[in-house]
Amino acid sequence: MDERSDKDLVTASCGGDRTAYAGLVRRHYAHVFLVCFGVLGNVHDAEDVAQDAMIKGFEQIRQLRAGDQFGGWIVAIARNLSINQLRKRKTRDEALAARPPEHSAAQSGNEDLERAVARLPWDLRLPLVMHYLDGQDVKAVAERLEMSPSGVYLKLRTAIKELQQMLTAKGDTP
Amino acid sequence: MKRFCPEMQDRIIDYMLGALDAPEAQAVREHLDRCDACRQFLQGLTQQGEGLLGLGERMAAEMGARQDRVIRALETVAPNARVVPIIGGFVRVAVAAVLVLGAGVLIGRMTAPRPIDPEQLRADLEASIAASLKPALQEGILAELDQRLQATLASNDTKLRVEVAEQISRDLQSFASRFTSGSEQLMDRRFAELVEVIEAARLTDRRQVARALELIRVQTGAGLRSVAALRENAATTLEN
């Protein structure tokens, strides 16, 4: 892991230093990917959009005025790209969401949970993913999503209730 | 099996999330101590939370390979050139104010049954600009304008004034070009017309101001700064 600060890595990246930008990728990619997953609810789509976001970040790095704000900046790019992607694939997404959940005795509780997470509305899924999968506390989630902490708690509570209802309806609590 | 107490559902979730203050959390704990169904409900929620944490850990395990793919993909791209604002602060504010106010006037005109009258449009623009600039911008703009007038007054270099006029013209055209490229066709046409009207009005005004300045310069003449210093300042401004 590159020990340099984000600001130094951004400065070097502005000069076309791919090694420096790779350091930023190593440091921030997980957050970017999980934001994409939080919006899209699909690992493969999240991989594609997260990669697009990191590449776009490199191409537009010279537009970033404060290098130490790279983390928030790249996450915002990823979130916007994900929302755009979600709009493009809305029809497909709705079809997936409307499809009755498949279930077999061989499926594990984890797979059921993943499926239930994927079926949540994205505005509930994103804070849930940021809090549980990315390990961010409520205050950090609120800052990243430009919401109040009480708003984040409300989203989390609603997401948890919906997940619980989906899983209980299947008779399968993980 | 008894179902959890519905009225406690939200409070138990908030308790699990750590969203309750101490007295509220204590009240929930006391309820859980005496209610098996709610205790089981909390246990299910906790397992659900652990399942989510596990999902995060499984995703994290594959993050390195994903990062490698991103870094390989970077080989084919490079940072774009930085987009430098073409126009300076004062001109940018002035042009933005003119265009925004002009857009308001234009929209009003477009909704009217009559075709656009350039002279009327210009008169409306001047009135709107004068009224709107006063509260928010007048002080700063007048100070800046005064500074520039002093600088221009101090100059007897016609070339400098021509360069400034050409720069403003280029700024307006560039701004209009960039703005219109992203707009609907009708608005493109309307704004292009607006910019032409504004530009024509500004050119007329500029000529009048230039004549007045020349007259003042001829009449006063004293206390002027050197042409060389002004040329240097002008070159720096244009480069920036």
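In chain B, residues 24 or more positions apart account for 71% of the contacts with a separation of 6 or more. Contact here means C-beta atoms, placed from the backbone, within 7 Å. This is a predicted model: local features need pLDDT of at least 70, side-chain atom pairs count only at pLDDT 80 or more, and totals for chains, interfaces and linings use all residues. Residues are numbered from 1 along each chain as its sequence is written, while chains are lettered from A and ligands numbered from 1 in the order in which they are written.

Chain B next. It has ten helices and zero strands. Those are DSSP runs, numbered from the N terminus: helices are H or I with at least four residues, strands E with at least two. Of the 240 residues in chain B, 13% are buried. Buried means 20 or more other C-beta atoms within 10 Å of the residue's own; exposed means 12 or fewer, and partly exposed is in between.

Take one residue. Is Ala19(B) buried or exposed? Ala19(B) is buried, because 20 other C-beta atoms lie within 10 Å. Ala19(B) sits in the loop between α1 (9–17) and α2 (22–34) of chain B. Leaving out residues up to four places away in sequence, Ala19(B) touches Tyr153(A) and Asp14(B).

Now the cores. A nonpolar core is a set of buried Ala, Val, Leu, Ile, Met, Phe, Trp, Tyr and Cys residues joined through C-beta atoms within 7 Å. The largest has 62 residues. Val32(A), Phe33(A), Cys36(A), Ala50(A) and Ala78(A) touch the most other members. Helix α2 (residues 18–40) of chain A gives the most to this core, 14 residues. A second, separate core has six residues, including Val98(B) and Leu172(B).

On to the interface. The contact takes 39 residues from chain A and 33 residues from chain B. The chain A side divides into 20 nonpolar, ten polar and nine charged. For these classes, Ala, Val, Leu, Ile, Met, Phe, Trp, Tyr, Cys and Pro count as nonpolar, Asp, Glu, Lys and Arg as charged, and the others, Gly among them, as polar.

Last, one helix pair. The axes of α9(A) and helix α3 (residues 36–61) of chain B come within 11 Å and cross at roughly 100 degrees. Axes are lines fitted to C-alpha atoms, for helices over the stretch in contact, with angles from 0 to 180 degrees between N-to-C directions. So α9(A) and α3(B) are roughly perpendicular. That label covers 65 to 115 degrees; under 35 is roughly parallel, over 145 roughly antiparallel, the rest oblique. Ile160(A), Leu163(A), Gln164(A) and Leu167(A) meet Gly44(B), Leu45(B) and Gln48(B).

Definitions and conventions. Two residues are in contact if their C-beta atoms, placed from the backbone, lie within 7 Å.
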